[in-house]
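Colleague: Can you take me through this one? Start wherever you like.
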Amino acid sequence: MAVKDYIRERFFPHIWCPGCGHGIVMNSLLRALDDLGMSKNEIVMVSGIGCSARISGYLDFHTLHTLHGRALAFATGVKMSRPELNLIVPMGDGDALAIGGNHFIHAARRNIDLTAIVMNNRIYGMTGGQYSPLSGYGTMATTAPYTNIDHAFDTVELATAAGASFVARSTTYHVQQLTKIINQAILHEGFSVVEVLTQCPTYFGRKNRVGGAVEMMEAYKKNTTSIGSKAKKENPDLIERGIFVQKELPEYCDEYDKVIERAKATLPKE
Amino acid sequence: MKKENIKFIQGNEACVEGALYAGLDFFAGYPITPSTEIAELLSYRLPQKGGKFIQMEDEIASMCAIIGASLTGSKVMTATSGPGFSLMQEALGYAVMAEIPCVVVDVQRGGPSTGIPTHVSQGDVNQARWGTHGDHAIVTITASNHQDVFKTTVDAFNISETYRTPVILLYDEVVGHMRERLVVPKKGELPLVQRLRTSVKEGVDYHPYLPREDGRLPMSDFGAVHRYNVTGLFHDMWGFPSDNPDIVHGLLRHLVDKIQNNVNEITRYREYHLKDADIVLVSYGSSARSANHVVVSRRSRGEKLGILELQTLWPFPYDLIREKCANAKYVVVVEMNMGQIMEEVRKAVDRPEKVFLANRIDGSFITPTDIRSILRLIQGKGV
Amino acid sequence: MERCRLVFSGSGGQGVITAAIILAEAAVLYENLMAVQSQVYGPAARGGATRTDVIISESNINYPKVIQPNVLVCLTQEAYNKFYPIIRPGGLLITDNRFVKIQRKVDAQQKELPMYRRVMESIGKPIVFNICMLGAVVGLTKLVKPESIMEVLKERIPQGFLKMNREALDLGLQMAESITN
């Protein structure tokens with residue numbers, strides 16, 4: 001299938017600003033899905049609120065555009081009810097880790113088979129540039145006019161600690177790697193987290209004087225490196241890219257099937 | 001000898017029996033007094049029939065999870081009490097907007113805030129009506145005894161499927177926790193409404209949010225052949241976000257009208273001795289038990305008392321109230337709050353000054369004596 | 001039968017609520033009567049004063065709580081001190097003389113029974129104290145047949161514990177018989 005076949009052209013043009021990284025993430029996701037050859041009817045995309053969440057409307061799957069931060073909770077209901085469906089949950093960094101932080105760690109703890117794509121642009125874009133839980137100390141935002149004193153989460157460490165069985169990171173610059181990682185994440189049976197560093201030139205870029213989309217993407221190239229690389233040893237400030245966690249753990253819906261078996265065994269024999 | 005279909009159980013358990021009878025497939029919840037027994041029993045019973053139970057991380061997630069499950073074609077429910085019901089309001093509004101069938105049980109306790117967790121109240125009546133933001137219509141049903149808890153629970157599923165709306169079952173601590181007899185109806189004895197699914201074939205353009213002439217929306221399950229968008233934003237007939245004023249206006253009218261235009265179909269109530277009643281007691285939930293007690297004892301002394309026991313609280317049955325209270329000299333609303341239903345009754349009757357309140361707001365269950373003292377005052381017999 | 005209103009009181013863990021449920025369930029499931037059981041809930045599951053109300057009747061029961069009980073059982077001093085004034089005039093007040101010292105005369109038939117002592121002497125397990133109490137209540141009131149109580153117990157407890165419960169129930173019934181004769 002051509003990538004275009006996954007798109008609801010009727011609903012274009014999209015709302016993203018020129019230079020926004022989200023379109024690149026969407027493109028990578030579609031290529032990953034195309035490689036997997038899944039039927040569109042098997043895919044449910046659940047998103048929350050924010051720029052990232054609008055992805056769901058543009059794609060020709062079963063799409064559920066929900067509430068700010070709650071996408072994983074909605075997705076849990078869909079998945080438990082119909083475990084044979086593939087659930088993909090694109091989220092923004094505020095969506096996933098501020099208002100939705102609790103749902104995020106609990107979905108990870110359950111190891112329910114959802115693929116969470118955390119599109120980290122370090123800002124609340126839709127509301128006009130307020131600091132997010134991933135903006136980081138010393139950044140500027142419309143709600144941090146005297147510089148931000150909040151420290152950022154490390155999404156990878158957080159997801160790992162919470163029990164996610166697949167954890168990875170890439171950027172909009174490294175689209176080949178990103179496509180492969182998303183592909184792996186969807187194939188993985190269990191809770192998968194893919195953090196994607198994606199640029200918001202309109203708000204994060206302008207507020208922090210880090211240039212436009214091109215400069216921001218170049219920074220992804222310059223400031224990141226493969227997990228465990230020699231460059232990382234020489235420069236510990238580099239951000240690692242790649243798959244950090246990939247392990248087989250009992251998946252939640254499979255475990256619940258066992259609960260059903262145990263429950264049925266308590267019934268009197270017919 | 002014992003009959004298998006007779007049970008001696010708590011009201012919360014009667015609700016579970018009703019939900020299972022109605023075909024509940026999926027429950028998500030979070031423990032909270034005094035509703036917890038519903039979750040406990042369903043964690044045991046649902047997987048026995050192949051259904052799914054999940055204890056979520058909070059009530060917000062519980063409400064979201066049942067909406068997700070409903071979209072795949074499951075009959076869904078959650079249960080909570082005041083503080084949890086507050087947390088559910090955002091997603092409840094989503095279910096209203098996206099027209100997702102679901103049943104939300106609120107076993108009321110005293111509020112505001114953490115309030116008085118193990119004691120009774122009926123203070124959530126207006127929260128059920130207006131807890132979520134924005135103009136909307138909602139269905140709220142209650143009951144005073146276990147037979148009716150069972151029946152209204154089945155009704156709640158039927159109404160939620162018929163009108164594609166969340167339905168709130170507003171029980172209270174007394175009904176939820178007390179034990180009494182339940183005769184479980186035989187299979188087929190109560191009608192069950194199954195979800196209306198679209199007959200549009202694969203490959204033909206399906207409009208998930210284009211109501212039929214009768215206002216109903218045939219649904220397509222997530223995972224089936226029609227892929228469409230569901231959103232909490234105002235949306236067009238494909239479910240895609242829109243801020244077109246005509247679409248916004250049309251959708252809001254549809255959401256409200258589909259409930260308000262069917263008040264008669266949705267209204268459930270009971271009445272005793274209303275025909276010649278000079279004094280009409282209007283009550284609901286466990287309060288109606290005390291009100292009924294007063295009616296029975298006063299009637300045996302020849303006094304013309306009657307009771308209208310409301311089961312459907314929202315949409316409020318104004319016409320029914322007006323009709324049933326038309327000949328009453330006095331109307332006394334018996335409830336355990338500061339007059340939330342009384343205010344509605346006053347709006348409904350011709351002479352609001354004839355409407356009085358017999359209430360209790362201290363966490364104690366309203367007694368027949370509480371009601372009698374108000375009656376004495378009204379009748380000029382002193383305190 | 002006359003409508004009977006009962007209050008069982010004691011401390012959490014003595015099994016007064018379980019006893020009330022068993023009695024009411026026996027009436028509904030095996031005697032075709034109406035019954036309502038309710039209790040006052042608190043945050044603690046063990047300890048503290050416990051109260052449970054039961055109404056048994058041939059006709060429909062509206063108001064589910066008991067204001068003036070025909071039968072009041074108090075199994076601790078605290079429960080007795082708190083609840084003895086609510087007894088219906090001429091009602092039946094049952095206490096266990098190991099735990100409760102009767103302090104005031106009330107207009108009721110006061111029955112001080114050595115239920116706990118007898119259970120410990122004959123069976124040695126305090127867990128069936130409540131069933132012995134239920135035996136005494138059933139023996140004194142004839143509200144339901146002892147067999148109906150046993151039917152409920154059969155459904156509620158493991159086979160291995162039935163004999164012990166039967167003995168406790170009989171102990172209570174005997175005590176009731178010995179004081180009524």
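Modeller: Thr63(A) has Asn229(B) as its bridge partner in E10(B). This is a predicted model, where local features need pLDDT of at least 70, side-chain atom pairs count only at pLDDT 80 or more, and totals for chains, interfaces and linings use all residues. Residues are numbered from 1 along each chain as its sequence is written, and chains are lettered from A in the order in which they are written.

Colleague: Which strand of chain A pairs with E10(B), and in what sense?

Modeller: Strand E2 of chain A, residues 62–65, pairs with E10(B) in the parallel sense over three bridges. Strands (E, at least two residues) and helices (H or I, at least four) are DSSP runs numbered from the N terminus, and two strands pair if DSSP finds at least two bridges between them.

Colleague: How many residues of chain B are in contact with chain A?

Modeller: 34 residues of chain B, against 35 residues of chain A; contact means C-beta atoms, placed from the backbone, within 7 Å. On the chain B side, nine residues come from H3(B), the largest share.

Colleague: Different topic. Where does Val333(B) sit, and is Val333(B) buried or exposed?

Modeller: Val333(B) is in strand E15 of chain B, residues 330–335. Val333(B) counts as buried because it has 28 C-beta neighbours inside 10 Å; the cut-off is 20 or more other C-beta atoms within 10 Å for buried, 12 or fewer for exposed, and partly exposed in between, with C-beta atoms placed from the backbone.

Colleague: What does Val333(B) touch?

Modeller: Leaving out residues up to four places away in sequence, Val333(B) touches residues including Val282(B), Met342(B) and Leu357(B).

Technical notes. Contact = placed C-beta atoms within 7 Å.
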